[in-house]
Each structure stands twice: as structure tokens, then as C-alpha cells.
Amino acid sequence: MNKAVNDPAPGEVWSGTWVADRLGVELVGDDRLTDLLGLALRRNPKRAHLLVSNVLGKHVPQSPSVVHGHGLALGRRVRELLGDEEAARAVVLGYAETATGLGHSVADGVALAPYLHSTRRPVPGVAPAGGFEESHSHATSHLLLPEDPALLAGDGPLVLVDDEFSTGNTVLNTIRDLHERYPRDRYVVVALVDMRSPEDAGRLSGFAAEIGARVDLVAAASGTVKLPEGVLEKGQDLVARFEETPSGARGSVESAATAARARPAPTDPRPAISRIDLSWPRDLPDGGRHGFTPQHRIRLESALPAMAARLAEALPGDAHRVHVLGFEELMYAPLRLAHELEQVAEGAEVTFSTTTRSPVLAVDDPGYAIRTRLSFPAHDNPADGPGDRYAYNVADAGFDAVVAVIDSAADTPELNAPDGLLARLAAHTRQVVLVVVPSYTPERPSMLPEPLRGPAFSSYAPEDVGWLLQDLSDVTLEAPTEEREEAIQSGGAHYAESLPMEYQPSDQYQELFRTALEESSARLAQAVGAVTEIVLQERSPRPVLVSLARAGTPVGVLMRRWAGFRHGLDLPHYAVSIVRGRGIDANALRWLADHHDPADVVFVDGWTGKGAITRELTEAVRAFEAEGGAAGFDPEIAVLADPGSCVRTYGTREDFLIPSACLNSTVSGLISRTVLRADLVGPDDFHGAKFYRELAGADVSVDFLDAVAARFPEVVDAVDATVKELLAGDREPTWEGWAAVERISEEYGIHDVNLVKPGVGETTRVLLRRVPWKILARAGAGADLDHVRLLAEQRGVPVEEVAELPYTCVGLIHPKYTRGATGADGRAVSV
């Protein structure tokens with residue numbers, strides 16, 4: 001029979017009294033509810049009160065045997081309900097983050113079924129098998145990332161485990177989502193407490209009828225929460241009032257007296273922080289993020305005694321109270337370690353709880369469930385960005401030692417920072433022991449090789465860039481410039497099927513390069529800083545830079561260097577091939593999707609001309625997704641200079657000399673332009689390129705990078721001003737460059753926009769690699785065109801000054817080239 005249960009046993013104070021007295025909240029139901037639950041408050045626009053479980057192992061330290069025992073008991077009830085045959089066909093699914101350990105323990109009780117829990121941590125290369133929203137939570141998105149895609153596809157019972165069944169919305173959303181993908185006849189919902197209102201309770205049977213399946217409910221206790229009118233507003237007012245007090249400062253929520261007691265006395269020895277290796281079994285998952293089978297459970301059971309023994313040896317000999325602290329979703333592994341430690345640590349009381357991302361008000365009162373709160377920065381590079389994390393009821397708890405158990409993905413500098421978790425714990429105990437469990441990532445076979453890196457491929461340092469290319473250095477691909485031009489324009493070959501001859505520049509031309517670099521390095525540094533800052537602010541706080549080889553690669557390296565100089569970031573950077581008319585290397589995109597979140601990828605190029613590559617990339621990404629490739633790549637290119645007004649992310653829109661455009665491979669890590677030829681590049685291969693090791697004596701690739709990076713400190717203020725101006729202005733592309741190219745193509749009788757190359761960089765390419773017809777130069781253009789004029793003179797190409805030109809210069813390729821068309825001598829340019 002239901003009854004009010006707010007009254008505790010004689011001599012005891014219920015840990016929900018403080019909230020109940022102030023808000024009029026009342027628990028009605030089984031006698032056990034006050035043993036299982038306390039109450040606290042949180043800042044949440046949907047639900048102010050929080051039911052705090054005393055047996056879950058999340059917010060309240062508890063004996064690990066009690067925590068594990070409650071899940072085992074529920075699991076055994078599920079097995080009895082289903083029978084062994086159906087239990088063996090079942091899958092147990094737990095909810096992140098709070099119920100991951102409970103779900104594991106329920107699976108232990110069922111014993112015959114594999115286990116999977118939802119996660120809020122995306123794992124590169126693991127495709128989601130589903131997802132759902134938790135409407136009342138502070139962090140809603142759940143992902144399902146099973147290693148075996150067939151795990152959820154069976155037709156056996158699905159057992160869904162959460163700590164509480166309050167409205168039923170989360171569970172019903174999950175079942176509805178999964179039932180559409182993987183329909184089945186039976187579901188079992190498991191919770192420590194069933195706290196649905198009578199109205200919500202009636203929804204379950206109606207929902208089961210709607211989907212044509214049986215839905216059972218198993219709970220350790222049941223009841224309801226009676227909420228008076230206006231309780232949400234009252235709760236929010238209470239939270240605001242208490243968080244405004246000095247005791248609500250970041251780091252801990254405690255009274256001044258409590259904080260003083262928590263600090264070691266001046267004569268106390270300095271708290272020790274040590275790290276131990278438990279020899280976690282190789283390839284054993286650390287939890288159910290990707291699935292945990294009965295066979296995994298057997299392996300863990302056999303390894304636990306030895307691991308617990310190592311842990312016991314690391315504890316102080318006189319430690320009487322030991323607390324094992326798990327980490328957010330990582331609940332089960334630390335719970336089982338704590339449970340085993342409880343058996344082997346003679347004379348020690350062992351308790352267990354875990355950190356959480358859930359912000360809850362702490363009030364130092366015996367009638368309140370959350371007495372203290374330790375706050376510290378997130379330390380696992382979360383997908384939703386940095387933020388505070390919490391450990392409750394650990395401060396001033398009198399623990400002689402705290403064992404922090406995390407996974408290797410969370411073993412970061414933030415963990416060890418002065419305000420990090422370990423330092424926070426060390427202020428409240430004599431000994432902190434850190435245990436790092438290897439983060440399990442499914443191994444999936446891949447036909448694609450790892451990126452090529454220097455010095456084996458390119459003169460760049462290995463950390464500067466990974467080339468998603470294959471090495472064709474031993475293949476003869478070069479052809480005289482005139483032969484290539486004739487073949488390209490006649491339709492006999494694509495420009496990406498061969499390479500122009502790579503000549504070393506003359507002394508005069510090298511001097512022009514050095515002068516240009518000296519005069520423009522600060523300007524370049526400012527543009528690099530500006531485009532990088534915009535990427536960090538608008539695209540991703542930790543972007544994966546993917547430069548379009550090869551013109552974009554020096555820019556990608558410089559952006560990576562700026563991110564390190566200004567923000568201490570170590571950004572990944574790769575170079576990929578894109579070919580006009582044939583798209584981007586789809587295998588490179590597959591590799592990137594396997595190793596990174598596509599949403600973090602930012603494509604980088606040196607400059608825009610008329611915007612052809614911008615359009616090519618947009619179409620290539622669309623086609624890649626349409627053919628079943630990973631979704632989420634943003635095709636917008638980030639460029640150093642955008643004179644064509646083709647992109648939103650740029651450092652400048654001025655058409656000025658970028659010295660890396662003056663040369664070929666000798667300023668691009670000694671790498672050729674990329675090659676795509678059917679007899680060399682198969683359907684499962686990366687595009688190709690050559691490494692010109694023989695040109696090492698003329699290589700200025702690193703000199704160029706160093707010269708620009710050396711100017712970073714002096715342009716910081718200018719970068720900040722530029723970024724502020726760009727972010728406040730209108731950066732929508734106007735495509736005026738494309739319009740200008742179309743006009744020039746018609747005015748000069750070319751009738752092919754592909755033969756019109758606008759901008760200083762593209763004009764230089766025409767003179768170095770193609771057969772130029774003439775150069776259009778803006779009247780009055782100065783030193784930015786010195787190298788262009790020299791090349792034009794050497795090639796016998798006229799330079800025509802034009803008054804109204806939107807670019808500094810434009811290179812025109814001869815529209816109908818044959819070897820006699822321009823009276824050229826048939827030799828490639830010797831610069």
C-alpha cells in the first residue's frame with residue numbers, strides 16, 4: 001500500500017529533508033524509498049529537484065558490494081522473467097552517464113546477454129547504430145556505438161536499464177527510435193526506482209500496443225514525487241540564492257569551516273599522488289561503450305583478483321577508509337575493482353562513486369543529499385567543448401586514500417593541472433592513486449595505409465603534415481610543358497595524368513623569391529593568424545586541418561604553427577589531393593572519417609582565383625555522401641587570400657604576392673603536384689605524388705615557414721584587429737572573380753574559363769607549368785609582379801597593362817595551342 005515516506009526512522013535524518021521542508025516535495029510509495037533516495041537541487045529549466053540515489057554509485061559514496069548487488073538482483077529478476085532461452089537472445093542497454101554501471105550490473109545478473117551502453121563521447125571511425133534524446137537532462141544527445149553492427153539487429157528481447165523511471169520519456173524515445181530500425185517483440189524496462197505519476201504509468205501499456213510489442217517493467221521500488229504548484233520557480237530561486245553566496249565559489253561548495261577542515265594542517269605531510277599500472281588485460285573493453293559480452297565478463301572476473309592485489313599494495317598501510325572514484329561513463333570497471341578491493345583490503349572500509357558532468361547545488365546539511373562538491377575542468381577533450389565536472393560528497397569525507405580510475409582518453413594535461421581533478425582530490429586526502437584503464441577502440445580492418453610523412457616523404461617535419469597520398473617517386477611522369485599543353489587542350493590527356501618538368505630556379509629568380517619573402521612575411525603572418533583565429537572561433541575549437549596539396553600545404557603548416565604559438569594547440573594536419581573535373585580523393589575522405597570527426601575537418605588552400613576548386617570541392621563532398629560516404633564534411637575552404645571573393649573564411653581578400661606561389665616543389669616540401677592516372681591509382685588507392693629528393697640543395701620549404709612564423713609575435717595585435725573587423729563585416733562570397741574571368745574569356749576570344757587564371761598565384765603557375773599566351777597586369781602594380789615580369793620575359797610572353805582589372809594580374813593560356821602557335825622554341829621554362 002502506498003504511503004508518504006518522507007518521515008525517516010527514529011534517530012535518522014533523511015537526506016531529502018532539506019528540500020522537502022523548503023519546497024514541499026513529498027515522496028509517496030514503498031517503504032524503501034527513503035533508503036534508496038535523497039533529494040537535491042540543480043539549475044535546470046525543466047526540473048529543479050534531483051532524486052539522488054544512495055545505491056547507484058554516482059553522487060553518494062557507497063559500499064561497492066551494495067552498488068553491484070542492487071544491479072545483480074535486478075538482472076536476476078529479468079532472467080527469471082524471460083527464462084534462460086530468451087535471456088540468451090537478449091541485449092542489455094544502459095543509459096549514459098548515470099546508469100552505465102547499473103546496466104552492466106544488470107547484465108551480470110542476466111549473465112547470458114551482451115551489454116551496450118549509450119555514450120556522449122563520439123569515437124572517430126565508429127558509425128552510430130542509433131541515438132536518442134533525454135529530454136530532462138542537462139546534456140541530451142546519446143549515441144549508440146556497438147563494435148558489432150549486428151548487436152542491436154537481432155529480434156531477441158531488449159532490456160533497457162536506467163537509474164530511475166520518472167516520466168518514461170527517455171525510455172519510450174529509445175524504444176521508438178530502435179523499433180523503427182530493429183523491430184522486436186519484447187522489451188523489458190529496468191530501473192532502481194519507478195517514480196512515474198499515475199498519468200505516466202498508463203502510457204506504457206498504450207505505447208506497447210502502439211508498436212505491437214510486449215513491454216515489461218522491473219524496479220527495486222516504486223512511488224511518485226508530489227510536487228506543489230510553483231515548485232520549479234521556488235527551486236530555481238533557492239539554487240540562485242545559495243550559488244550567489246561565497247560558499248558557491250568554483251572548486252568546492254562547502255561552508256568556510258568545512259573548507260578549513262579539508263585543508264591539511266601546516267604540519268601534515270604533502271598529499272601524495274601516485275600512478276600504478278594494473279596490467280589491464282589486452283583488448284578487454286573498459287566498459288560497454290562498444291559492447292561487452294559474457295566472454296568479456298569471464299576474462300574480467302579472472303583478472304580482477306590480481307589487479308585488486310596490485311591496487312591494495314599501492315595504498316598506505318594504515319588506510320582505514322578508501323574511496324574508489326570512477327569517471328563519468330566509466331563506472332563498471334572502477335566498481336568491480338572497488339568490489340574486489342573490498343574483499344582483499346583487510347581492515348579497510350571501501351566506498352565507491354564516480355565523477356559527473358551534472359551540476360548540482362551542494363548544501364552542508366545532514367538532511368541534504370549533496371553535502372560537498374568538488375569542481376574541476378573536463379579532462380577528456382569532450383565533443384561539446386570544455387566545461388566543469390564534479391565529484392560529490394568526496395570533500396571532507398575523511399578518506400585516507402582516494403583511488404581515481406579513468407580511461408586513457410581522459411589522461412590529459414587537464415587532469416594534472418593545478419585546478420584539475422587530481423589536485424582537487426589531493427586537498428582532501430593523504431594519498432591519491434591514479435589508475436588508467438586503456439580506452440577500448442574497436443579495431444576495424446582498413447585497406448588504406450597511414451599517411452606519408454617526412455623525412456621519408458617530403459622535407460617537412462613529420463609532425464607538420466601527414467600526406468594522404470601514395471609515393472610515385474620511382475615513376476617517370478614528367479613531360480615537356482608544350483607536349484602536356486597540346487595533349488590537355490586536344491582532349492588526349494588530363495592535366496593530372498602527367499607532371500611538368502621540375503627545374504631549379506636561376507640565381508636571379510631565387511633572389512626575387514628571397515626579396516619577396518622578406519618584404520611580405522609580416523603580411524603573410526597576419527593573414528595566417530587571421531584565418532586561423534576565424535577557423536578556431538567559427539568552425540571548431542580543435543580543427544583537423546586538411547590542406548589541398550600542394551598549394552594549400554604550406555598554409556596548413558603555418559596555420560598549425562599559429563595555433564600552437566597563440567593557443568598551445570597541437571592540431572592534426574593532413575594533405576589530400578583534389579583534381580579539377582575529377583573531384584577530391586574519396587579514399588582520403590574515408591581515412592579522415594575513420595580517424596576524426598568529419599565535422600572538425602577544415603579544408604585549407606592557399607588562395608582563390610575564380611573559385612573553381614571551391615565549386616569542385618562542394619560537388620565532390622556532395623557526391624561522396626550520396627555514394628554512402630561519411631556525412632559531416634564541410635566543403636567551405638579556408639584560404640590565406642580570397643581575391644576572387646569565393647569563400648567566407650579567409651585572412652585577406654587582397655591579391656598580393658604569396659612567395660610560396662613563386663616556386664614549385666622547392667617551397668612545398670619537395671612534393672610534386674598530385675597525380676591521378678588509372679594505371680597508377682586504383683579504386684582503393686590514394687592519389688599519387690612524387691618526392692623530389694634530388695632537389696634538396698634548392699629546397700626553401702622550411703625557410704619559408706620559419707620566415708613567416710618568426711613574424712608571429714609582432715602581428716598579434718594586428719591579427720586581433722583584423723579578426724574583429726572580419727567577424728563584424730559582411731564576408732558572404734560575391735563570386736566577382738568568376739564574373740571577371742567570364743568577361744575576360746569573352747573579351748579576348750578565349751571562350752574557355754579554364755584557360756583564364758586570375759591572381760598572382762595562378763598567373764605564376766601559368767608561367768611555370770603551362771604555355772602562356774599573354775599576361776594582363778593591373779596598371780600601376782608594383783613589386784608584387786617583379787617575378788611575373790621576369791618569368792614573362794624569359795618565356796617571351798607579352799605583359800599587357802589593363803586599367804580596370806579586379807586582380808593584380810591574370811595569366812592567359814593560349815586558347816589553341818600547337819607547338820608553332822606562339823613561335824615558342826619548344827623548351828620548358830628554365831628559371
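**View 1. The open sheet of six strands.** In this sheet the strand order is S19-S24-S23-S27-S28-S29, and the pairing is parallel. Strand S19 (466-467) and strand S29 (649-652) are the edge strands, each pairing on one side only. S19 is joined to strand S24 (residues 573-576) by two bridges, and these strands run parallel. Gly 466 has Tyr 574 in S24 as its bridge partner. Strands are DSSP runs of E with at least two residues and helices are runs of H or I with at least four, both numbered from the N terminus; two strands pair if DSSP finds at least two bridges between them. This is a predicted model, in which local features need pLDDT of at least 70 and side-chain atom pairs count only at pLDDT 80 or more, while totals for chains, interfaces and linings use all residues. Residues are numbered from 1 along each chain as its sequence is written, and side-chain values use heavy atoms, with hydrogens and water left out.

**View 2. Helix H14 (residues 507-538).** The 32 residues of H14 should span 46 Å at 1.5 Å a residue, which agrees with the 43 Å between its end C-alpha atoms. The expected span is 1.5 Å times one less than the number of residues. At Ser 520, H14 bends by about 55 degrees, the bend being the angle between axes fitted to the seven residues ending there and the seven starting there.

View 3. Ser 105 counts as buried because its relative accessibility is 0%. Buried means under 20% relative accessible area, exposed over 50%, and partly exposed in between (1.4 Å probe, protein chains only). Neighbours within four places in sequence aside, Ser 105 contacts His 68, Gly 71, Leu 72, Tyr 332 and Leu 335, where contact means heavy atoms within 4.5 Å.

**View 4. The salt bridge between Arg 203 and Asp 200.** The closest N and O atoms of this pair are 3.4 Å apart. A salt bridge is a side-chain nitrogen of Lys or Arg within 4 Å of a carboxyl oxygen of Asp or Glu. Arg 203 and Asp 200 are three residues apart in helix H7 (residues 198-211), so about one helical turn separates them. Arg 203 is partly exposed at 32%, whereas Asp 200 is buried at 17%.

**View 5. The salt bridge between Arg 539 and Asp 634.** Here the closest N and O atoms are 3.5 Å apart. Arg 539 lies in the loop between H14 and strand S23 (544-548), and Asp 634 in the loop between helix H17 (612-626) and strand S28 (637-641), so the pair ties together parts 95 residues apart in sequence.
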